[in-house]
Amino acid sequence: LRKILGVRYVILTISGYSALYYILKMFVEDIGINKIYVPGYSPSFYSAVISSFKDVVSFCDIDRESLLPIGDFEEDTVLIYPGYFGVVREDKKISDGVVIDGLSKCIGGYSYDKVAGSFSDIGFLHLDDAAILFGDSAGVIFTNNSFFYSVLSKSIEKNALMMKPYQSAIILSQISRLDERMRL
């Protein structure tokens, strides 16, 4: 998965819910971020997670042409960016703050010759039955940031939220066919 996502660190979790929850928890409780933006077109499962952070979450819209979030996302903010469209911008960053990529719908994709996921600060996969890779709702956290990795791997292990062996077996059986699944 590190190779596919173009990142240094990967943490396998029991669910996409726990992956997103612990990422947001890290930003709010460990780093002190008090503003998280979520585009209104986000997957419905986000609502189950972001409701735990309702005091710091705001919704934003997307631009009809570029499909990018609209807003002034400052340095001390977090933007969750669902990878429905696999869009990145070569000419301008999506946000001055932290970008969390949700890539379950476009894992393995490219934009501007960059692997989807390699351009964000941190990301996650929710491998449910609508994702390109199915993993019985397993989750994956990925990043190039060693601090994020350290904090999150400790939290996931401490709370016994590691991916189950059968989930990883399901995912591994599909990785060899990822190119074919992406074409579909």
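In this predicted model, Tyr9 is paired with Thr143, its bridge partner in strand S9. Of the 5 residues of S1, 4 are buried, so the strand is largely enclosed by the rest of the structure. As a general point, the side chains of a regular strand alternate between the two faces of the sheet.

When residues up to four places away in sequence are set aside, Ser15 is found to touch Ser137, Ala138 and Gly139.

A search of the whole structure for salt bridges returned 2 of them. In general terms, side chains of opposite charge can pair when their charged atoms come close. One of the salt bridges is formed by the side chains of Glu29 and Lys25, with a distance of 3.1 Å from N to O. Both residues belong to helix H2 (residues 16-31), where Glu29 and Lys25 are 4 residues apart and therefore separated by about one helical turn. The two partners can also be described by their accessibility: Glu29 is exposed, with a relative accessible area of 52%, whereas Lys25, at 24% relative accessibility, is classed as partly exposed.

The side chains of Glu180 and Arg177 likewise meet in a salt bridge, for which the distance from N to O is 2.9 Å. With a relative accessible area of 34%, Glu180 is partly exposed, and Arg177 is also placed in the partly exposed class, at a relative accessibility of 46%.

A further serine, Ser153, is located in helix H4, which spans residues 146-158. A polar atom of the Ser153 side chain lies 3.2 Å from the backbone oxygen of Ser150, and this pair counts as a polar contact because the limit for such contacts is 3.5 Å. The position of Ser153 was also considered relative to Ile141, a residue 12 places away along the chain, and the C-alpha atoms of Ser153 and Ile141 were found to be separated by 9.3 Å.

Technical notes
Residues are numbered from 1 along each chain as its sequence is written. This is a predicted model: local features need pLDDT of at least 70, side-chain atom pairs count only at pLDDT 80 or more; totals for chains, interfaces and linings use all residues. Side-chain values use heavy atoms; hydrogens and water are left out. A salt bridge is a side-chain nitrogen of Lys or Arg within 4 Å of a carboxyl oxygen of Asp or Glu. Helices (H or I, at least four residues) and strands (E, at least two) are DSSP runs, numbered from the N terminus. Buried means under 20% relative accessible area, exposed over 50%, partly exposed in between (1.4 Å probe, protein chains only). A polar contact is a pair of N or O atoms within 3.5 Å; within protein, one must be able to donate a hydrogen and the other to accept it, and residues adjacent in sequence count only if both atoms are side-chain atoms. Contact means heavy atoms within 4.5 Å. Two strands pair if DSSP finds at least two bridges between them.
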